[in-house]
Amino acid sequence: MSIPLTFAETYPGGRILLMLGQHQVGAVFPPCGEGQHRHPFVWRFWLNGSSTVAKEGRAKTELAAKNAILSEARDWIRIAGLE
């Protein structure tokens, strides 16, 4: 059984949600504000419950941010024994 991980853009140019089925488990945030940061895309992976699991990072591109958050999600799924 494969756990469905998909991306959903909230609005054009806005954050991109990482969905685990119908649940939001993370997001990729596009560059915003003034100045150029070397890694302008921010990603954040979270799971809420009795204890919150959260990891975050920065990436140079949207694709790199998506790959990083997918890696975290897949690691969590594997460690949880769901796949």
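Here are some notes on the fold, the strand pairing and the core of this predicted model.

1. Ground rules. This is a predicted model, where local features need pLDDT of at least 70, side-chain atom pairs count only at pLDDT 80 or more, and totals for chains, interfaces and linings use all residues. Residues are numbered from 1 along each chain as its sequence is written, and side-chain values use heavy atoms, with hydrogens and water left out.

2. Overall layout. The protein has 1 helix and 5 strands, in the order β-β-β-β-β-α along the sequence. Helices (H or I, at least four residues) and strands (E, at least two) are DSSP runs, numbered from the N terminus. Of the 83 residues, 33% count as buried; buried means under 20% relative accessible area, exposed over 50%, and partly exposed in between (1.4 Å probe, protein chains only).

3. Strand β2. Have a look at residues 16-20: 5 of the 5 residues are buried, so this strand is largely enclosed by the rest of the structure. I16, L18 and L20 point one way, L17 and M19 the other, and all are buried.

4. Its partners. β2 runs antiparallel to β1 (residues 5-9), with 5 bridges joining them, and T6 sits opposite M19. On the other pairing, β2 and β3 (residues 23-29) are also antiparallel over 5 bridges, with L20 opposite H23. Two strands count as paired if DSSP finds at least two bridges between them.

5. The turns. Between β1 and β2 the hairpin has 6 residues, and G13 there takes a positive phi near 80°. The β2-β3 hairpin has 2 residues between its strands, and G21 takes a positive phi near 65°.

6. The core. The largest nonpolar core has 17 residues, and L5, L18, V28 and F45 have the most contacts inside it. The elements giving two or more residues to this core are β2, β3, β4 and α1 (62-79), and α1 supplies the largest share, 5 residues. By nonpolar core I mean a set of buried Ala, Val, Leu, Ile, Met, Phe, Trp, Tyr and Cys residues joined through side-chain atoms within 4.5 Å.

7. Leaving aside neighbours within four places in sequence, L5 is in contact (heavy atoms within 4.5 Å) with L18, M19, L20, L70, A73, R74 and I77. F45 is in strand β4 (residues 41-47) and counts as buried because its relative accessibility is 4%. Its C-alpha atom is 6.1 Å from that of I69, 24 residues apart along the chain.
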